[in-house]
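The sequence and structure are shown first.

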Amino acid sequence: MSAPPKIVAWRPVLAVVLPVVAVILLASSLLDLWPGEGHLVIVDGVAENLDSGPLAWAELALTVMLWLVGLVAGAWTAVRGVGPVEALGQGVKHLPWFVTGLITAGGATFLAMWAPFVVAPGPIGLVLSVSILLAAVFLTARLLISGVDRAVGGSGRDVTWGETALFLLGGILGPALFAWGAGFIPYVGTALSMTVALTLQAVLAARPHTREEAHGTRARIWPGAALIAFAVAVSAGLVVVNPSGAPQVRTHDRGPATATAVVWPAGQHPVIVTSPGVWYCDDDLCRSFTNVNGGPPTTDGYSRVVIAADGTVVKARLSGGPDKGGPFVHYARCTRDGCREAWLPVRASAKEKLSPMVEAEVAGASAPDGSLWFFVAAPVEGGQYGRYRFSLIRCADVACSKPQRHQVGVTDRTPEDGYQNGTRASLTVGADGRPAATFWVGHSLYRYGCEPVTCASPKHTADVAPPEPDSLNATTVVGSTTYEATAVPAPAPGFHLTIGESRKYWRQMVSRCVDGDCVSSPMDAYEGDVRRPLLAVAEDGRVLVVREDRVVLLEKPLG
């Protein structure tokens with residue numbers, strides 16, 4: 001009866017594995033940066049190739065070959081007691097045989113997985129293909145252990161299923177644990193994960209052959225550790241230096257689920273309005289914030305929200321019916337200190353009659369002097385389809401005990417024009433205190449304005465309405481410059497294998513246009529359905545995109 005295997009010394013194996021992992025990390029970083037300007041984006045300190053394809057396959061092939069060299073070399077030094085240089089030489093010597101075997105196994109697996117979809121398309125074919133893939137992974141791992149077994153021990157013993165399972169777990173659980181603990185540090189988590197996984201697999205592969213103590217000197221791991229540190233420093237340094245001039249993006253995954261508006265006031269951090277409240281961000285990426293609640297919830301089609309240049313938020317929506325003296329403008333003025341809400345009757349008196357055929361619409365905004373303005377489109381009788389009566393109402397304070405009402409125009413309603421009711425009215429107040437209101441009806445955009453405070457000399461113009469904005473895009477205008485955020489289809493990141501229906505991947509893009517001259521920049525990528533973005537631009541031209549799953553910041557201005 002043979003003696004049980006001894007515990008494999010980990011230091012000699014680690015002395016071999018560390019240089020291999022260092023080379024993998026350096027090679028992967030160089031390949032990531034290889035495409036150059038226009039083909040890269042740096043997201044959270046890690047370079048992403050926008051055209052993953054041939055380079056992804058090249059990086060995978062190189063990683064697999066170096067991994068095989070490290071696996072054989074690690075097992076060789078554990079069994080034979082030789083130094084890292086000789087062990088790595090043996091790993092390179094045996095590489096062609098392992099590569100040939102893996103290519104053969106990969107080709108056979110592909111054919112075996114493709115066949116079920118031809119014979120039994122649909123769910124049954126998918127289940128069969130997944131089963132074949134799992135079986136192929138298990139068999140390939142068993143053949144790999146057998147190959148290492150023959151290379152380092154020369155024996156023809158049968159590899160047990162338990163050894164195969166441990167070998168696979170060593171390559172999965174080890175990196176998972178270290179990635180969880182150190183993955184938030186770019187490149188360090190990757191280096192630790194690969195080192196642990198490759199060391200565990202080499203030790204497990206060598207264990208059956210260590211019944212006698214291997215002869216050799218005590219291994220020194222500091223040269224390999226120095227190489228790892230060098231590889232991490234170079235990889236991170238290349239991203240910091242950014243020789244290709246790639247766009248740099250920072251993200252975090254705690255974006256608001258119900259964001260409805262965002263503005264980046266000059267000299268401040270962004271302000272994000274959510275359905276129940278307002279986030280006053282404490283940093284540019286809004287990792288921390290002051291959340292204030294109050295006033296009507298902001299919901300598309302039912303309420304309007306305007307963020308002033310100083311970050312003051314005014315929320316407004318209509319509530320109540322004429323039988324109770326309504327409708328009323330339910331509004332709130334929010335600052336970092338909190339929200340104050342109140343109600344204002346749309347009608348000056350019960351004698352004013354409103355048409356029941358369509359809902360009134362309202363928008364509110366804050367003025368530099370602290371007053372509030374409201375733009376109300378009230379439906380009244382008249383014309384073939386009814387009419388809108390437009391009023392600008394000024395409140396000296398939030399309580400609005402003495403509203404100053406100014407009728408600024410009347411226009412006919414049109415047949416259904418496809419524009420969403422509840423979103424036709426908008427209002428801004430300039431730095432000089434002048435209110436500027438717009439209302440979309442038919443194919444026209446009506447504009448109304450007047451003097452500050454008194455609303456003297458009301459003005460009215462009409463323009464051809466632009467196309468209704470795409471709800472999946474976001475646009476903001478800063479002076480003569482237009483910024484737009486949109487999502488475009490993107491390839492799956494890195495190497496991937498698709499079984500059944502392909503997953504959808506998207507790349508967030510932002511563009512900046514001045515007089516028809518546009519530049520664009522990629523941002524982060526995500527999978528699944530397209531998510532609606534919100535867009536804000538800082539005073540210096542940096543761009544913030546807010547989605548329900550993430551907040552994304554473009555570090556440098558466009559253009």
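## Helical spans and strand residues

The end C-alpha atoms of residues 221-241 are 30 Å apart, and this span is 95% helix and 0% strand. Helices (DSSP H or I runs of at least four residues) and strands (E runs of at least two) are numbered from the N terminus. The model is a predicted one, in which local features need pLDDT of at least 70 and side-chain atom pairs count only at pLDDT 80 or more, while totals for chains, interfaces and linings use all residues. Residues are numbered from 1 along each chain as its sequence is written, and side-chain values use heavy atoms, with hydrogens and water left out.

The unreviewed UniProt entry places the feature "transmembrane region" at several spans, including residues 12-34 and 221-241; such annotations may be inferred rather than shown by experiment. Over residues 12-34, the chain is 96% helix and 0% strand, with its end C-alpha atoms 34 Å apart.

The protein chain as a whole contains 7 helices and 26 strands. Of its 559 residues, 45% are buried, where buried means under 20% relative accessible area, exposed over 50% and partly exposed in between, with a 1.4 Å probe and protein chains only. Contact means heavy atoms within 4.5 Å. Among contacts between residues at least 6 apart in sequence, 57% join residues at least 24 apart.

Two packed helices are described by the angle between their axes and the distance between the axes. Axes are lines fitted to C-alpha atoms, for helices over the stretch in contact, and angles run from 0 to 180 degrees between N-to-C directions.

The axes of α1 (residues 10-33) and α7 (residues 222-241) come within 8 Å and cross at roughly 10°. The two helices are therefore roughly parallel, a class that covers angles under 35 degrees, whereas over 145 counts as roughly antiparallel, 65 to 115 as roughly perpendicular and the rest as oblique. Among the residues that meet are Leu18, Val21 and Leu25 of α1 and Leu227, Phe230 and Leu238 of α7. The contact divides into 16 nonpolar, 3 polar and no charged residues. Here Ala, Val, Leu, Ile, Met, Phe, Trp, Tyr, Cys and Pro count as nonpolar, Asp, Glu, Lys and Arg as charged, and the others, Gly among them, as polar.

With α2 (residues 54-80), α1 also has an axis approach within 8 Å, but the crossing angle is roughly 170°. This makes α1 roughly antiparallel to α2. The contact includes Val16, Ile24 and Asp32 of α1 and Glu59, Trp67 and Gly70 of α2. Its residues comprise 15 nonpolar, 5 polar and 2 charged.

Ser193 is found in helix α6 (residues 188-206) and is buried, at 9% relative accessible area. Its C-alpha atom is separated by 9.7 Å from that of Val21, 172 residues apart along the chain.

| Side chain | Partner side chain | Polar contact |
|---|---|---|
| Thr411 | Tyr446 | 3.4 Å |
| Arg394 | Asp369 | 3.1 Å |

Thr411 lies in strand β15 (residues 404-412) and is buried, with a relative accessible area of 8%. Beyond four places in sequence, Thr411 touches Arg387, Tyr388, Phe390 and Tyr446.

Arg394 belongs to strand β14 (residues 387-395) and counts as buried at 8% relative accessibility. Its contacts beyond four places in sequence include Asp369, Trp373, Lys402 and Val453.

Note on methods. Polar contact = N/O pair within 3.5 Å; in protein donor to acceptor, adjacent residues only side chain to side chain.
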